[in-house]
Amino acid sequence: MSNRSSRIPGFYKKSLDERLRIVAEWAGLTSEEVETLRNLGSLPEKIADSMIENVIGGMTYPFAVAVNFKINNKDYLVPMVIEETSVVAAASNAAKMLRHGPGIIAYADKQYMIGQVHLVNVSAPRYKAMKIIEHKEEILDHAKQQDSTLIKLGGGPRDLEVRVIDTRMGPVIVVHLIVDVLDAMGANTVNTMVESIAPLLEKITGGEARLRIISNHAVYRLARAWARTSPADVGGKDIARKIVEASILAEADPFRAVTHNKGIMNGVIAVALATGQDHRAIEAGAHAYAARSGVYKPLSTWELDEEGMLVGSIEIPLQVGIVGGATRVHPVARIALKILGVKKASELAEVMAAVGLAQNLAALRALVHEGIQKGHMKLHARNLAIMAGASGELIDKIAERMIREGRIRYDYAKKLLEEYLKGEKE
Ligand code: MEV
């Protein structure tokens with residue numbers, strides 16, 4: 001039994017190197033491992049150390065660019081950061097199928113977020129809810145004082161919603177402050193605003209404000225994208241019909257809908273990571289929206305129109321920003337936004353919705369056609385070859401041989417590499 005203690009007073013106050021030394025000793029890390037962890041890649045140490053607490057190193061993910069995207073008649077190179085093989089290739093592939101005319105059409109209008117104040121211990125809560133509405137302008141005015149920059153730019157508090165909810169501890173009042181956050185993700189602004197109006201709400205209701213926080217159920221911040229393509233572009237009428245049937249299955253079966261949406265989120269979250277977004281908020285919001293009817297549903301659908309064309313559409317809440325947070329602090333996120341060339345948060349949301357739709361088409365097409373494993377296996381085999389130590393031409397040689405022989409395994413990759421290297425020497 002180990003007598004080590006994870007109780008390390010003042011760990012957060014130590015330097016990065018000191019913290020790393022402690023962890024290295026704890027885990028018995030080799031000097032090579034320490035060096036690997038110490039490599040912060042493209043993130044300056046100062047920034048890394050100020051972004052989160054207790055930093056001991058960095059972890060780099062591949063940064064890729066999906067090609068072929070035409071959205072609202074504009075061409076985009078889409079930065080994606082993801083650990084899963086095939087996602088970038090699949091997105092690029094589907095984007096090629098959806099380039100006709102203006103390409104994918106996408107539209108994100110309002111950038112409205114909801115901030116919540118929960119009021120407990122309120123007597124006559126239904127009457128008090130009305131009293132809150134009576135003071136609406138005063139409350140909105142108060143919230144406005146919190147962010148003069150946002151107001152100057154044309155954003156700010158827009159509305160108030162008041163709900164009385166029956167809970168296990170009796171009725172509570174939930175006030176929603178609706179804020180147009182423009183180009184920010186909005187959490188900071190909204191949280192400041194709801195904290196500021198809470199005392200006012202307490203005064204009006206005689207209750208006690210408890211939780212004062214943004215809601216990530218961003219139902220007023222929707223992005224939509226839709227596209228139309230000929231069956232020939234997806235591999236023929238039979239495949240187009242099966243894509244529609246796959247979409248219908250997702251509508252009927254929540255178990256399938258979750259995976260269907262997971263495929264959408266492969267694309268959405270890869271763009272979110274590249275551009276430094278709060279991807280947990282996006283993920284939570286998307287799934288809550290998918291379940292808003294009480295039954296979990298797909299975020300996208302595929303149909304055939306009267307001319308037999310394959311048409312797809314997606315509706316997804318996207319709480320994304322291009323100012324503030326990691327989008328500005330992380331140098332790579334800044335570069336990603338520059339590559340993408342988006343001018344507004346709404347445009348970023350449009351691109352992400354379009355990527356989600358394309359990603360979904362690619363997944364459904366693969367599933368109803370050759371199955372998902374074939375493409376995956378090729379990349380998996382290449383990865384194994386690289387892990388075994390292959391480089392250059394040998395990567396493909398080894399991968400192809402493993403696929404041909406149906407033996408896609410690390411030990412076999414190693415064996416083949418040894419064989420090839422020996423052959424080269426002789
Ligand atoms: C894998 O990451 C994503 C898929 O499972 C999505 C889907 O099934 O639609 C292929």
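**Close-up views of a predicted model**

**View 1. Polar side chains at the ligand.** Lysine 262 places a polar side-chain atom 2.7 Å from an oxygen atom of the ligand, a polar contact being a pair of N or O atoms within 3.5 Å (within protein, one must be able to donate a hydrogen and the other to accept it, and residues adjacent in sequence count only if both atoms are side-chain atoms). For arginine 256 the corresponding distance to a ligand oxygen atom is 2.7 Å, and for asparagine 266 it is 2.9 Å. Taken alone the ligand exposes 300 Å², of which the protein buries 86% (Shrake-Rupley accessible areas, 1.4 Å probe). The model is predicted, with local features requiring pLDDT of at least 70 and side-chain atom pairs pLDDT 80 or more, whereas totals for chains, interfaces and linings use all residues. Residues are numbered from 1 along each chain as its sequence is written, and side-chain values use heavy atoms, leaving out hydrogens and water.

**View 2. Residues around the ligand.** Among the residues surrounding the ligand are Glu84, Thr259, His260, Gly263, Ala363, Leu367 and Ile372, each with a heavy atom within 4 Å of the ligand.

**View 3. The β8-β10 pair.** Strands β8 (residues 222-229) and β10 (residues 310-317) run antiparallel and are joined by 8 bridges, with tryptophan 226 opposite serine 313 in β10.

Conventions
Two strands pair if DSSP finds at least two bridges between them. Helices (H or I, at least four residues) and strands (E, at least two) are DSSP runs, numbered from the N terminus.
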